[in-house]
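The stops below follow the salt bridges.

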Amino acid sequence: DDTYLEKRAIEDGQIVLIGLSSEPSALVARLQGSALWRAPALTGALMPDPVSRKQRFTLTAEPAGAPSAAAQAGAR
């Protein structure tokens, strides 16, 4: 209830979510174990938004159907 997405995209094979949340670090724990993606992680700095009093975040993850970064590195 306290998280809003402003953008969702797939860029360079990664799922990218950008939005506002009062607890962006808790999103990673909530998204782990999903059948839809792997390795969710916050990227970049969390930025306070003075209007909403939430923190702006960028979160990336690997789509579940894509080979993992470790598997791709091992194949090279």
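E62 and R38 form a salt bridge, with the closest N and O atoms 3.3 Å apart. The term means a side-chain nitrogen of Lys or Arg within 4 Å of a carboxyl oxygen of Asp or Glu. The pair links distant parts of the chain: E62 sits in strand β5 (residues 54–63) and R38 in strand β3 (residues 37–42), 24 residues apart. Strands here are DSSP runs of E, at least two residues, numbered from the N terminus.

Now colour by accessibility. E62 is buried, at 13%. R38 is partly exposed, at 28%. The cut-offs for relative accessible area: buried is under 20%, exposed is over 50%, and partly exposed lies in between (1.4 Å probe, protein chains only).

Next, select R56 and D49. Their side chains meet in a salt bridge, 3.3 Å from N to O. R56 is partly exposed, at 29%.

Move on to E11 and K7. This salt bridge has its closest N and O atoms 3.0 Å apart. E11 is partly exposed at 36%, and K7 is partly exposed at 39%.

How many salt bridges does the structure hold? Four.

As the model is predicted, local features need pLDDT of at least 70 and side-chain atom pairs count only at pLDDT 80 or more, while totals for chains, interfaces and linings use all residues.

Conventions
Residues are numbered from 1 along each chain as its sequence is written. Side-chain values use heavy atoms; hydrogens and water are left out. Helices (H or I, at least four residues) and strands (E, at least two) are DSSP runs, numbered from the N terminus.
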